[in-house]
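Hi everyone, thanks for coming.

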Amino acid sequence: GRWSRGLGDVYKRQIQDSYHLPSLGAMLIVGGQIVEAEAIGFRKLGADVQVTSHDRWHLGSNGKAMTATLAAIFVERGELSWSTKIGDVFPELIGKIRPEYVDVTLFELLSHTGGLPSYGSMRRVSSWYSFFNNSSPIMVQRKQFSDEYLALDSEGPRGKYLYSNGGYIVAGAILEKVTGSSWEHLMHTEIFDPLGMSSTGFGVPGEPGKIDEPWGHTLGDFYSPIEPGVYADYPPVIGPAGLIHSTLDDYATFIAEHLAGAHGIDGLVSAETFITLHTPPQGTSYALGWAIDGDKGALYHSGSNGRWYAWVWVAPKRDFAMVSVTNSGQTPAKEGTKAAIKALVKRFKAASDEGY
């Protein structure tokens, strides 16, 4: 069939060369199965080591959908509810944090409607830079971050959408307090292991001093590769907001779960709970870890730590999904990966119209 031809180096090189990306990976999923997945370019500019479709890529904030799914698992078990409040889990913080945050719910944290400080406010936390080299247990660090973050002034009214990485870190701290296990451990035992995502992990992929995986790149007057290490990513404390890396194969497994759930099939959680994960609060277009295209009924998200970029687009009505990734994180990366998504949409539509 049409799909066996692969994405084609010509199509990908046009995008790569147009946007001057170190590398570009792309994947098309139809009916829950990968039908195309390829990557071209270099793991590190200046080193003649090609990327492969089996390399690991930093997904950035696309990991939020995984954190929301993890929360949903514990809601179904009755250990949490969507209406669980910050003050319910951390009563010792009442009187120490901003009073308007005490009643903010888990659902509001995951839908960015709790009125918490916005995306860039993580750096306003007084201990922010200490987290890069903090040797305390990660659960202690997340509680410390949450305590300080929840003392910051609100930047918007509760109920209004305001994208907040910090809100996802607080949600992660809630999961840790309720379960007694770290978010990292929970992700492995509740999502990665059950789905067979054995090549998925945290932070930037690869080992320092090796070019065994793609390196991230910053862009000034030219690209600079960033060696894996402490300062190659955000500090581990922000994991629930987006510090997951994965292969295209592994990521496809998670996406297929959400495609199936949107079609009424139980999986990690029930089909009913998948609907909750995919339904934004009234008046917003962001559900739980997914942005929503209301006209098309599609789920989508992008993610970047400034050195990588990833897009995912999931269209349940047409039963397909697409992913594009690169190992650079500035505007050309955003536009180049978006162009790859658009090209995949055109290919899917053309093949579908011809009966494939």
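**Starting with a pocket**

Okay, the second largest pocket has 14 residues in its lining, and nearest its centre are Tyr-163, His-301, Ser-302, Gly-303 and Tyr-309. Before I go on: this is a predicted model, where local features need pLDDT of at least 70 and side-chain atom pairs count only at pLDDT 80 or more, while totals for chains, interfaces and linings use all residues. Residues are numbered from 1 along each chain as its sequence is written, and side-chain values use heavy atoms, with hydrogens and water left out.

What do I mean by a pocket? On a 1 Å grid over the protein atoms alone, a pocket is an open set of points with protein on both sides within 12 Å along at least five of seven lines; a cavity is a set where a 1.4 Å probe fits but cannot get out; and lining residues have an atom within 4 Å of a point. Grid points are joined across faces, edges and corners, and a volume is the space filled by probe spheres set on the points.

So, back to that second largest pocket: its volume is about 320 Å³. E9 and E10 each bring at least two residues to the lining, and E9 gives the most, four residues. Those labels are DSSP runs numbered from the N terminus: helices are H or I with at least four residues, strands are E with at least two. By class, this lining has eight nonpolar, six polar and no charged residues. Here Ala, Val, Leu, Ile, Met, Phe, Trp, Tyr, Cys and Pro count as nonpolar, Asp, Glu, Lys and Arg as charged, and the others, Gly among them, as polar.

Now the largest pocket, at about 370 Å³. It also has a lining of 14 residues, and closest to the centre are Lys-296, Ala-298, Trp-313, Phe-320 and Val-345. Strand E9 (298–303), strand E10 (309–315) and helix H11 (331–353) each give two or more residues, with H11 supplying the largest share, five. And the classes? Eight nonpolar, no polar and six charged.

The largest has a volume of about 70 Å³, and its lining includes His-58, Tyr-119, Asn-165, Tyr-234 and Ser-304. That lining is four nonpolar, seven polar and no charged residues. The second largest cavity, about 30 Å³, is lined by residues including Glu-108, His-112 and Ser-164, and its lining has one charged residue, beside two nonpolar and four polar.

Last stop, the sheet. It's open, with three strands in the order E3-E7-E4 and antiparallel pairing; two strands pair if DSSP finds at least two bridges between them. At the edges sit strand E3 (56–58) and strand E4 (201–202), each pairing on one side only. E3 is joined to strand E7 (residues 244–247) by three bridges. Which residue stands opposite Trp-57 in E7? That's Ser-246. Helix H9 (residues 248–262) packs on the sheet and touches E3 and E7, where contact means heavy atoms within 4.5 Å. Its direction makes about 105° with that of E7; axes are lines fitted to C-alpha atoms, for helices over the stretch in contact, and angles run from 0 to 180 degrees between N-to-C directions.
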